[in-house]
Amino acid sequence: MKKKLYTILAAITLILTGCQTSTSSYASYETECIGIELDGSQKLRAWGQGRHRQQAMQQAAKNAISDVIFKGIRGGNGGCNVKPLVYEANAREKYEEYFNEFFSDNGAYYRNYISIKDAPLRSRVKDFNNNGRRFGVVVTVQRTALQQHLKKDGIIK
């Protein structure tokens, strides 16, 4: 009888511990397209990580605009432009000084081309780990104005 009880308890323990999942291990933190505005701006859901919420939101904005410039937006509903603004290979390294200034917290040129708001509560994932917190935010990127700025500065032709 004791053997059966131990076997049943062991089976229940294995089932319960085996079914636990973590949202962070299955969540995708890739920038996603939500939609395109009439002025050509792209509404994106981006993710950022930081020690506190404000720092994570600022990092999410940088990630969103960096993805528009260097990677293009592939995730989400597919309405956004999948082509990056800068096609040149290794452009981030080639124009490192320019982009370091562009994304710096002091200069904050990237802020001229974005607006940020919190993602809806149900779509915002908070992931706590050793590096801080991860938050999802909705970022609107002024793609056309950003493209014109990069052309004016000679980064793209």
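A disulfide, here a pair of cysteine sulfur atoms within 2.5 Å, joins C33 to C80, with an S to S distance of 2.1 Å. By this rule the count comes to one disulfide. C33 lies in strand 1 and C80 in the loop between strand 3 (75-76) and helix 4 (91-94), so the pair ties together parts that are 47 residues apart in sequence. The link of C33 and C80 is right-handed, with 75° about the S-S bond. In general, a disulfide is a covalent bond between the sulfur atoms of two cysteines.

The model is predicted, so local features need pLDDT of at least 70 and side-chain atom pairs count only at pLDDT 80 or more, while totals for chains, interfaces and linings use all residues. Residues are numbered from 1 along each chain as its sequence is written, and side-chain values use heavy atoms, with hydrogens and water left out.

The term pLDDT denotes the predictor's confidence in each residue, from 0 to 100. The chain averages a pLDDT of 79, and 72% of the residues score at least 70. Over residues 19-26 pLDDT stays under 50, and the model has three contacts beyond four places in sequence for them; a contact means heavy atoms within 4.5 Å.

The chain has six helices and six strands. These are DSSP runs numbered from the N terminus, where helices are H or I with at least four residues and strands are E with at least two. Along the sequence the pattern is α-α-β-β-α-β-α-α-β-β-β-α. Of the contacts in the chain with a separation of 6 or more, 63% are between residues 24 or more positions apart.

Of the 157 residues of the chain, 37% count as buried. Buried means under 20% relative accessible area, exposed over 50%, and partly exposed in between (1.4 Å probe, protein chains only).

| Residue | Relative accessibility |
|---|---|
| T31 | 4% |
| C33 | 5% |
| C80 | 5% |

T31 lies in the loop between helix 2 (23-26) and strand 1 (32-36). The side chain of T31 makes a polar contact with the side chain of D67 at 2.5 Å. A polar contact is a pair of N or O atoms within 3.5 Å; within protein, one must be able to donate a hydrogen and the other to accept it, and residues adjacent in sequence count only if both atoms are side-chain atoms. Not counting residues up to four places away in sequence, T31 touches L44, R45, A46, N63, A64, D67, I73 and G75.

Helix 3 (residues 53-71) has 19 residues and reaches 25 Å from its first C-alpha to its last, close to the 27 Å expected at 1.5 Å a residue. That expected span is 1.5 Å times one less than the number of residues. The buried residues of helix 3 include A64, I65 and D67. Just after helix 3, G72 takes a positive phi of about 85°.

Helix 6 is followed by G154, whose phi is positive, near 80°.
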